[in-house]
Amino acid sequence: MLLSSVPGVQVVDLSHDIAPQDVESARLTVARYWRRFPAGTVHLVVVDPGVGSARAAIAVRSDERFLVGPDNGVLSPALLVPGAQAVSLPIPLDAAPTFHGRDVFAPAAAALASGASLASLGTPHASPLVRRTPEVVREPDGALRGEVIAIDRFGNVITNIVAHHAGTVRVGDHQVPVHRSYSDVGRGEMVAVIGSSGLLEIAVRDGSAAELHGISRGTPVYARHDRETDGRQP
């Protein structure tokens, strides 16, 4: 659809690793990459368990970039930027109620890639759905209490704790030291690292921390920092 409508457009296929219907993981993925692309980039995001329902289809302009997708919170990282604008896209009568990625979102993305203005695609959408990362809480003993917000395809556990450096992380009955990289521990051992997004992650070298230790999204995590963080969330 995109190549037919905009011949010569550069299409970058970023990820098919997000689990079906996992809007939260998709939101976090968008948060990591959308600003790393040049101004004028159009991001097409289709993680849409509500396809065919009354949920809106939207296009967003934010920080000189465009994003197109369902109004289910997946585009929240761009919507949180001051000055962001959103429009509600019309749903064609002949659009398949099970395939808005092809019949609604792709045509809108193609139009933007061809130079169409955001306003030309639809009507202003004043209250798009915004999801936020849960805030970290400081416990009376000084520890930071966060939670698991995502698990990647390697079984690495990603938390909502932002850190420049930390001493130890506790999850369940496990007290895990924070190291620079996975290779700082032996094979099969647990390790905590600061991931590329600046969030504390818990892993098992050459294994899956989530599977081996029964960790899932929402599991509490406690961290003791050697230096304080600025508390920002993605």
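This is a predicted model: local features need pLDDT of at least 70, side-chain atom pairs count only at pLDDT 80 or more; totals for chains, interfaces and linings use all residues.
**Exercise 1. A residue in S2**

Is Ile58 buried or exposed? Describe its surroundings.

*Solution.* 
Step 1. Locate Ile58. It lies in strand S2 (residues 57-62).

Step 2. Apply the cut-off. Buried means under 20% relative accessible area. Ile58 has 0% relative accessibility, so it counts as buried.

Step 3. Find its contacts. Beyond residues up to four places away in sequence, Ile58 touches several residues, including Leu67, Val68, Leu75, Val87, Phe105 and His125.

Step 4. Examine the pairing of its strand. S2 and strand S4 (residues 85-88) are antiparallel, with four bridges between them. Across this pair, Val60 stands opposite Ala86 in S4.

Step 5. Ile58 and Gly195 are separated by 137 residues in sequence and by 31 Å from C-alpha to C-alpha.

**Exercise 2. A covered helix**

How many residues of H2 are buried? Identify them and their cover.

*Solution.* 
Step 1. Count. Nine of the 11 residues of H2 are buried, and the helix is mostly covered.

Step 2. Name them. The buried residues of H2 are Val23, Glu24, Ser25, Ala26, Arg27, Leu28, Thr29, Val30 and Tyr33.

Step 3. Find the cover. It includes S1, strand S3 (65-70), helix H3 (76-79) and S7.

**Exercise 3. A hairpin and a core**

How many bridges join S11 to strand S12?

*Solution.* 
Step 1. Count the bridges. Five of them join S11 to strand S12 (residues 199-204), and the two strands run antiparallel.

Step 2. Inspect the turn. The hairpin has four residues between its strands, and Gly198 takes a positive phi near 90°.

Step 3. Strand S11 (residues 190-194) has four of its five residues buried, so the rest of the structure largely encloses it.

Step 4. Move to the core. The largest nonpolar core has 19 residues. Val157, Val169, Leu200, Ile202 and Val221 have the most contacts inside it. S12 gives the largest share of this core, three residues.

Step 5. Take Leu200 as the example. Apart from neighbours within four places in sequence, its contacts include Val157, Ile161, Val169, Val178, Val193, Ile194 and Ala223.

Step 6. Look for another core. A second, separate core has 18 residues, among them Val30, Val45, Val47 and Leu75.

**Exercise 4. The largest pocket**

What is the volume of the largest pocket? Describe its lining.

*Solution.* 
Step 1. Give the volume. The largest pocket has about 1100 Å³.

Step 2. Find the centre. There are 38 lining residues, and Leu2, Val11, Val12, His43 and Leu44 are the closest to the centre of the pocket.

Step 3. Assign elements. Helix H1 (2-5), helix H2 (23-33), strand S1 (42-44) and helix H4 (100-113) each give two or more residues to the lining. H4 gives the largest share, six residues.

Step 4. The lining holds 27 nonpolar, nine polar and two charged residues.

**Exercise 5. The whole chain**

How many helices and strands are there in the protein?

*Solution.* 
Step 1. Count the elements. The protein has five helices and 13 strands.

Step 2. Box it. Along the principal axes, its C-alpha atoms fill roughly 55 × 35 × 30 Å.

Step 3. Check burial. Of its 234 residues, 44% count as buried.

Step 4. Check contact range. Take contacts between residues at least 6 apart in sequence: 64% of these join residues at least 24 apart.

Technical notes: Residues are numbered from 1 along each chain as its sequence is written. Side-chain values use heavy atoms; hydrogens and water are left out. On a 1 Å grid over the protein atoms alone, a cavity is a set of points where a 1.4 Å probe fits but cannot get out, and a pocket is an open set with protein on both sides within 12 Å along at least five of seven lines; lining residues have an atom within 4 Å of a point. Grid points are joined across faces, edges and corners, and a volume is the space filled by probe spheres set on the points. Ala, Val, Leu, Ile, Met, Phe, Trp, Tyr, Cys and Pro count as nonpolar, Asp, Glu, Lys and Arg as charged, and the others, Gly among them, as polar. Buried means under 20% relative accessible area, exposed over 50%, partly exposed in between (1.4 Å probe, protein chains only). Two strands pair if DSSP finds at least two bridges between them. A nonpolar core is a set of buried Ala, Val, Leu, Ile, Met, Phe, Trp, Tyr and Cys residues joined through side-chain atoms within 4.5 Å. Contact means heavy atoms within 4.5 Å.
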